[in-house]
Amino acid sequence: FSVAPGNIEDLDEYTALQKFISTYRDPRSASVVGDDDGAMKNAADAAKGKQWWQFWRSGPSKNATSTDEGVVPDDWLNADIKQGLTNAEVENRRKRFGFNEISTEKENLFLKFLGFFTGPILYVMELAVVLAAGLRDWVDFGVIIAILVLNAIVGWYQEKQAADVVASLKGDIAMKAQVIRNGQKEEIKAREIVPGDIVIIEEGETVPADARLICDFDKPEDFALYIELREQHEFGDGDPDEEKDDNEEETEAGIKHQGTSIVATDQSAITGESLAVDKYMGDVVYYTTGCKRGKAYAVAITSAKHSFVGRTATLVQGAKDQGHFKAIMNSIGTALLVLVVFWILLAWIGGFFHHLKIATPEHSSINLLHYALILLIVGVPVGLPVVTTTTLAVGAAYLAKQQAIVQKLTAIESLAGVDVLCSDKTGTLTANQLSIREPYVAEGEDVNWMMAVAALASSHNIKSLDPIDKVTILTLRRFPKAREILRMNWTTEKFIPFDPVSKRITAICHLDGDRYTCAKGAPKAVLALTNCSKEMSDLYKNKALEFARRGFRSLGVAYQKNDEDWVLL
């Protein structure tokens with residue numbers, strides 16, 4: 001067997017699958033050092049924003065104005081699914097709405113640097129600098145200036161470094177999207193989408209913008225029905241909070257569903273729903289949600305900034321919080337400042353009674369300003385800011401070795417003071433890397449045949465594989481004989497992806513004139529297909545229960561040859 005050369009997309013289904021198994025490399029195993037030019041360019045794109053002096057601008061586009069409210073004219077959403085927008089229309093719309101991304105205001109680095117000279121303790125030190133300069137006490141003047149500058153440089157550099165890393169990561173994970181433009185299908189960066197673009201939503205991909213579903217990708221003739229319903233104003237605004245249960249007749253502001261579900265999307269990040277939500281013609285799919293099933297045409301109805309997620313992000317960005325650590329430091333500094341001012345007043349009152357001058361004699365420390373300088377330096381721990389900043393910077397460097405990015409130094413202390421941390425599991429408490437352990441095989445069945453059937457009952461869309469399908473296919477590296485089975489002349493007649501009702505994936509395949517119906521899914525759902533004996537059924541259920549107790553997720557595999565009984569593998 002030899003793998004055909006060229007792009008994997010140009011190969012037939014099963015040859016592409018073999019090449020994917022042989023050549024796949026986990027991107028997380030590659031070194032993050034030595035970023036290539038493309039990633040650097042993406043990072044630069046991600047970091048773009050308005051300049052600090054452009055106070056009149058409201059977004060990343062140089063043509064954006066403060067009057068942009070995200071309202072898209074109705075006639076902008078009338079593009080044909082076969083033609084899409086022209087380049088001229090795209091440029092015109094981008095001038096108004098900017099790029100399709102949620103951008104944060106770019107901080108001015110100089111103003112950020114000056115920000116490290118603010119705070120009660122630092123104000124006292126700066127006052128001491130002025131006094132020392134006025135009294136020509138150059139030693140104190142130099143020492144305090146050095147402490148202030150060192151504190152600012154360490155804090156500013158550490159946070160700038162973290163911001164650069166985050167910008168680079170954003171560039172590395174730049175989302176892609178498929179659109180119809182100038183009568184052709186194109187793959188572009190999601191940030192280049194404009195309102196009115198015809199977008200292709202596909203299983204396994206992230207929705208690149210708030211978009212209204214038009215029709216199934218394989219049924220473009222339904223576009224005429226979509227036009228008719230739109231002209232009758234049958235479509236609602238599509239707020240996810242207004243969606244009802246899937247079993248109800250109407251959803252999304254009381255609009256009746258048209259036909260069967262076109263796609264299913266994972267909206268858990270927005271609404272908390274654990275199951276994928278079925279979407280019908282005219283329904284809105286939301287920016288950053290994941291498409292779990294189906295492939296469809298949709299029209300982008302607004303830009304990311306004005307999307308449901310974008311409006312939420314704007315509210316979050318508007319929250320200002322100085323953090324626990326800075327609040328404690330400021331309260332300590334304020335208390336010390338009050339005490340110091342009190343003692344300076346006492347010293348000055350006593351000095352007046354002893355007939356001391358304010359600033360003379362010039363080269364003597366027996367004057368009131370010298371006493372004020374001494375009390376300022378003694379009363380306020382001038383070394384405290386640089387010590388705390390340096391300590392936090394060392395902690396940030398240690399965390400960086402553990403692949404944790406600290407965007408604000410004070411966040412380290414804030415996290416250290418957490419009593420209860422509520423977190424999701426996958427990718428946070430676990431490595432988000434699935435693996436298949438040694439499978440349990442029914443008596444008399446071959447493990448290689450079982451793994452081959454499991455691979456047949458998996459999505460073969462290599463560009464966007466479901467994590468479970470992906471690990472199932474890649475595990476065939478451990479089963480060479482299973483790969484030999486797949487190298488036979490298999491053809492797939494029909495593939496039914498996983499859905500929360502049947503709780504299984506089903507694929508109808510053909511080999512040498514025989515039809516094989518392969519199923520993979522929840523153990524109970526697969527068991528229900530078969531007519532196995534009670535002893536076999538009990539053994540199967542106990543094994544699934546044992547796996548669950550050990551923390552494993554169990555998947556059942558079965559197949560049916562022609563019209564024979566289902567066989568549990």
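Lysine 520 and aspartate 469 are both buried in this predicted model. The two form a salt bridge, with the closest N and O atoms 2.7 Å apart. Lysine 520 sits in strand β14 (residues 514–521) and aspartate 469 in helix α15 (residues 467–474), so the bridge ties together parts 51 residues apart in sequence. Strand β14 also holds aspartate 514, which pairs with lysine 561 of strand β15 (residues 556–561); this contact therefore joins parts 47 residues apart in sequence. Here the closest N and O atoms are 3.9 Å apart. Lysine 561 is partly exposed, at 26% relative accessibility. Aspartate 514 is partly exposed as well, at 22%.

A further salt bridge joins glutamate 101 to arginine 191, with the closest N and O atoms 3.0 Å apart. It links distant parts of the chain: glutamate 101 lies in the loop between α3 and α4 (109–115), and arginine 191 lies 90 residues away in the loop between β2 (184–189) and β3. Glutamate 101 counts as buried because its relative accessibility, 14%, is under 20%. Arginine 191 is buried too, with a relative accessible area of 14%. Lys543, Glu546 and Arg550 are linked in a salt-bridge network. In total, the structure holds 13 salt bridges.

The largest nonpolar core has 44 residues. Ile193, Ile198, Ile214, Tyr226 and Tyr297 have the most contacts inside it. Elements giving two or more residues to this core include α3 (87–97), β4 (211–216) and α7 (223–231). Strand β11 supplies the largest share, five residues. Tyrosine 226 touches Arg212, Leu213, Ile214, Phe235, Met281 and Val299, leaving aside residues up to four places away in sequence. Apart from this core lies another, of 34 residues, including Phe20, Met451, Trp490 and Val557.

Methods
Residues numbered from 1 in each chain as written. Predicted model: local features only at pLDDT ≥ 70, side-chain atom pairs only at ≥ 80, totals over all residues. Heavy atoms only, no water. Core = buried A, V, L, I, M, F, W, Y, C linked by side-chain atoms within 4.5 Å. Buried < 20%, exposed > 50% of the residue type's maximum accessible area, 1.4 Å probe, protein only. Helix = DSSP H or I, 4+ residues; strand = E, 2+ residues; numbered from the N terminus. Contact = heavy atoms within 4.5 Å. Salt bridge = Lys/Arg side-chain N within 4 Å of Asp/Glu carboxyl O.
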